[in-house]
Amino acid sequence: MNAALEIAALSARGLRKRYGASEVVRGVDLEIAPGECFGLLGPNGAGKTTTLRLCLGLTEPDAGEIRLLGLPVPARAREARRAVGVVPQFDSLDPDFTVAENLLVYGRYFGLRDGEIRGRIPRLLEFAGLAQRAGARISTLSGGMKRRLALARALVNEPQVLVLDEPTTGLDPQARHLVWERLRQLAQEGRTLVLTTHFMEEAERLCARVAIMDGGRIIAEGAPRALVAAHIEPEVLEVHGPGLGRWLGRARGLLARIERAGETAFCYADDVRPAIESLAAEPDLLYLHRPANLEDVFLKLTGRDLRD
Amino acid sequence: MRAARLYAPPAFSLRFVPVWRRHFLVWRKLAVPSILGNLADPLIMFFGLGYGLGAVIGTLEGTSYFAFLAGGFVASSTMYAASFEALYSAFSRMHVQKTWEAIVNAPMDLEDVLAGEWLWAATKAFAAGLAMLAVVAFLGFAAWPIAVFAVGAVALVGLAFAGAGLAVNALANGYDFFSYYFTLVLTPMMMLSGVFFPLGMLPQPVQALAQVLPLYHGIELVRPLLAGRAPEAALAHVAVLCAWALAGYYAATVLTRRRLLQ
């Protein structure tokens, strides 16, 4: 086996970070292989962004060890970032520049020569679907275009590792699917993708492996399907409407587990057909029958309380 | 962050160059209105006071009041240009546009960003000072060739106020914070540094206070140079301005690390 392949793209052990009275990262371990697409999931405030910042060497951990592309972080983080691209959560494009100027100026931060960057710009714009927009001002771009430009900017140094903090938050479905498509393409090229998200669908579609974070800790980790299989019954029935309590009283025995959230009952079982049959007697109740997904695992593990 | 790293002297690297070039590229798009904006305020004051008060005062320290004001305004317009850039503009890039955050995601350190900001604010102040110098020279208030050394003094004033401004920027929680700095620090400094009248007219303790202000030392260099004389104790003035520049930049480094790297 090639020795280089054995070096993890990113590894972290025992990461801890405290801000004032609250410890936002409380003992995180990560091991991400080269070429892997890894998702860090968690509700707001779970510590995802802080974990990424620690791994990039942008803030110092109180405890723990990090290696990014084999280099110790934060000691040699700057060197490691030569081969890393970052798509930040908040848009940080330069509003005073055109689309192409944004790429040119950003490439210079990697020590690239102007000629070299200019040679890469057409391909980057093509990739981002912005080939016709090279001279456009940032203020004229849609949200999806801005996000794609941020992605193109993160690729200007042809990185091995791409770190994306909530890459599709705030995008409409078309724009989101286009970003997903591009991320798949990058994964196909063998790049390592590390992304945070709170869209379970996104994680399920893109990531070979996910870790669910809550309260500064990783509380579950594995392939999305394996997590669903390990933590939750395969079928879900979402039921709401008048008479829900009465029906639940009768159907309880037919279901493995029931989660009540306000007016809706989330009913889990290996086979929900008997429960559906029992719903025939309750014409006022509305229901949705679907397979269990990562979101069910996520909500089971992190609870249904609001996190803002 | 451990104290040793928080207070370590800033490491200097040529990596500041792409940061400086970024700011330059933005400025190039707006250069003419920017320079005119930097000139308009001091020129209005200069002509207003020069004609109005000048008629009352006649001559001051052996020259026309216009000639007296010229040195003061070259230095003070440099001070304001440096401060605006290091406060409002740097704060936009640090806090509002997240430009700094984008840069440190690349293989750049916060110190590279700060060095770029510092030297850029000093550059922009230098341009503003030179523009003012050109105007007063055009009006006949610069005695060449000695006056050419005023260019060096302008550069030092820019570095000193850029460093101090970035230190204040690191403490700011919004744009409003800067009006305190302008009102409570820079405006009194204008009064205490001999822009409008000779320092000797102020009480002794106030004069002593003025001796530590960077603007005072800038004017003590620029004014005699414009009049074609070598400044008295020139090296001492240069040393104080250098000390302000370095101390300001160091304070800016420590305070910005504390703000952003924790």
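This is a predicted model: local features need pLDDT of at least 70, side-chain atom pairs count only at pLDDT 80 or more; totals for chains, interfaces and linings use all residues.
**Entry: chain A overall**

I started with the extent of chain A. Its C-alpha trace spans about 75 × 45 × 45 Å along the principal axes. I then looked up the secondary structure and found twelve helices and 14 strands in chain A. Next came burial: 40% of the 308 residues of chain A count as buried. I also checked how far apart in sequence the contacting residues are. Among contacts in chain A with a separation of 6 or more, 70% join residues 24 or more positions apart.

**Entry: domains**

Where does the domain assignment put the bounds in chain A? I read domain 1 as 3-223 and domain 2 as 233-291. I took the centres over C-alpha atoms, and 40 Å separate domain 1 of chain A from domain 2 of chain A.

**Entry: the sheet S2-S1-S4-S5**

I looked at an open sheet of four strands in chain A, in the order S2-S1-S4-S5. The pairing in this sheet is antiparallel. Its edge strands are S2 (22-32) and S5 (71-73) of chain A, and each pairs on one side only. From one strand to the next, the twist averages 25°.

I followed one pair in detail. Strand S4 (residues 63-68) of chain A runs antiparallel to S5(A), and three bridges join them. I picked out A:Leu68, whose bridge partner in S5(A) is A:Leu71.

**Entry: helix H2 of chain A**

Which strands does helix H2 (residues 48-56) of chain A lie across? I noted S1 (10-19), S2, S4 and S5 of chain A. The helix runs at about 120° to S1(A).

Is H2(A) mostly covered or mostly open? I found H2(A) mostly covered, with eight of its nine residues buried. Among the buried ones are A:Lys48 and A:Arg53, along with A:Leu52, A:Leu54 and A:Leu56. A:Thr50, A:Thr51 and A:Cys55 are buried too. I also checked the residue just after the helix: A:Gly57 takes a positive phi of about 80°.

**Entry: strand S6 of chain A**

I turned to strand S6 (residues 84-87) of chain A and asked which way its residues point. A:Val84 and A:Val86 point one way, and A:Gly85 and A:Val87 point the other way. All of these are buried.

S6(A) pairs with strand S7 (residues 161-165) of chain A in the parallel sense, over four bridges. I noted A:Leu162 in S7(A) as the bridge partner of A:Gly85.

**Entry: the sheet S12-S13-S11-S14**

I then looked up another open sheet of four strands in chain A, in the order S12-S13-S11-S14. The pairing is antiparallel. The edge strands are S12 (257-261) and S14 (286-291) of chain A, and each pairs on one side only. Here the twist averages 20° from one strand to the next.

How many bridges join S11 (residues 235-240) of chain A to S13 (residues 264-269) of chain A? I found six, and the two strands run antiparallel. A:Leu237 has A:Cys267 in S13(A) as its bridge partner.

S13(A) also pairs with S12(A), in the antiparallel sense, over five bridges. I noted A:Thr264 in S13(A) as the bridge partner of A:Ala261. S12(A) and S13(A) form a hairpin with two residues between the strands. In this hairpin, A:Gly262 takes a positive phi near 60°.

**Entry: where chains A and B touch**

I looked up the contact between the two chains. It takes 21 residues from chain B and 20 residues from chain A. On the side of chain B that touches chain A, helix H2 (16-29) and helix H5 (99-105) of chain B each supply at least two residues. The residues on that side of chain B divide into eleven nonpolar, four polar and six charged.

**Entry: helix H10 of chain B**

I tested the length of helix H10 (residues 214-226) of chain B. At 1.5 Å a residue, its 13 residues should span 18 Å. The end C-alpha atoms are 18 Å apart, so the two values agree. I checked burial next: 13 of the 13 residues of H10(B) are buried. Lastly I looked past the helix. H10(B) is followed by B:Gly228, which has a positive phi near 90°.

Definitions and conventions
Residues are numbered from 1 along each chain as its sequence is written. Chains are lettered from A and ligands numbered from 1 in the order in which they are written. Domain bounds come from an automatic or database domain assignment. Two residues are in contact if their C-beta atoms, placed from the backbone, lie within 7 Å. Ala, Val, Leu, Ile, Met, Phe, Trp, Tyr, Cys and Pro count as nonpolar, Asp, Glu, Lys and Arg as charged, and the others, Gly among them, as polar. Two strands pair if DSSP finds at least two bridges between them. Axes are lines fitted to C-alpha atoms, for helices over the stretch in contact, and angles run from 0 to 180 degrees between N-to-C directions. A residue is buried if 20 or more other C-beta atoms lie within 10 Å of its own, exposed if 12 or fewer, and partly exposed in between; C-beta atoms are placed from the backbone. The expected span of a helix is 1.5 Å times one less than its number of residues.
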